Amino acid sequence: MKVEPKKEKSSEVSAPSQQETNAFTGEQLRSAWQEFAEQRKKYQAEYQLLSQPYDIKDNKVILHLLSPVQETMLGNLRSELTAFLREKLKNSTILVVGELLQSDDKKMMYTSRDKFEYLLEKNPALREMKERLGLDPDF
């Protein structure tokens, strides 16, 4: 009995797939992005998320998020969106990331006193006018 070494068939063994790195334009990305958004139109929150502005830096698409809730939604959607964009644009290096925008936490002015204090910061001469005329901002 003779054991022969196993021969690999060259037709069955495929070369490792090379990463596609085709360049793409902003217009091509916008078109692919819009196509994906249209597929998600029945999910109103996701569609709204995909309708927000984004920036492109190298092969990274940075989506501007308004709240932590959107960050969670993007996390659930990111892999599917990234795969879609990579396939459409034939570029396997595309990444989709979210960037949470810092919102200005403005103090809400509900009472007349709050409004007067705000205007006083803008124009200190109001204090003198209030005192001369004997005005009460709480009234």
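Averaged over the chain, pLDDT comes to 80, and 82% of the residues score at least 70. Keep in mind that this is a predicted model. One stretch to treat with care is residues 10–17, where pLDDT stays under 50 and the model has one contact beyond four places in sequence. Where pLDDT is low, the predicted coordinates should not be read in detail.

**The sheet**

Let's start with the strands. Three of them make an open sheet with mixed pairing, in the order S1-S2-S3. S1 (54–57) and S3 (95–100) sit at the edges with a single partner strand each, so one side of each has no neighbour in the sheet. Going from one strand to the next, the twist averages 25 degrees.

The two pairings look like this:

| Strand pair | Direction | Bridges |
|---|---|---|
| S1 and S2 | antiparallel | four |
| S2 (residues 60–65) and S3 | parallel | six |

If you want landmarks, Ile 56 stands opposite Val 61 in S2, and His 64 faces Glu 99 in S3. S1 and S2 form a hairpin with two residues between the strands, and there Asp 58 takes a positive phi near 55 degrees.

**Helices over the sheet**

Now for what lies across those strands. Helix H1 (residues 26–39) lies across S1, S2 and S3, and runs at about 135 degrees to S1. Helix H3 (residues 68–89) lies across S2 and S3, at about 165 degrees to S3.

H1 and H3 also share an aromatic pair. A search of the whole structure turns up two aromatic pairs. In one of them, the ring centres of Phe 36 and Phe 84 are 5.3 Å apart and the planes stand at 50 degrees, so the pair counts as tilted. Phe 36 belongs to helix H1 and Phe 84 to helix H3, 48 residues apart, which makes this a link between distant parts of the chain.

**H4 against H5**

Two packed helices are described by the angle between their axes and the distance between the axes. For helix H4 (residues 112–122) and helix H5 (residues 125–133), the angle is about 125 degrees and the axes are 7 Å apart. That angle makes H4 oblique to H5.

Which residues of H4 and H5 make the contact? On the H4 side they are Phe 116, Leu 119 and Leu 120, and on the H5 side Leu 126, Arg 127 and Lys 130.

Terms used: Residues are numbered from 1 along each chain as its sequence is written. This is a predicted model: local features need pLDDT of at least 70, side-chain atom pairs count only at pLDDT 80 or more; totals for chains, interfaces and linings use all residues. Side-chain values use heavy atoms; hydrogens and water are left out. Axes are lines fitted to C-alpha atoms, for helices over the stretch in contact, and angles run from 0 to 180 degrees between N-to-C directions. Angles under 35 degrees count as roughly parallel, over 145 as roughly antiparallel, 65 to 115 as roughly perpendicular and the rest as oblique. Contact means heavy atoms within 4.5 Å. pLDDT is the predictor's confidence in each residue, from 0 to 100. Two strands pair if DSSP finds at least two bridges between them. Rings of Phe, Tyr and Trp (its six-membered ring) pair if their centres lie within 6.5 Å; planes under 30 degrees apart count as stacked, over 60 as edge-to-face and the rest as tilted.
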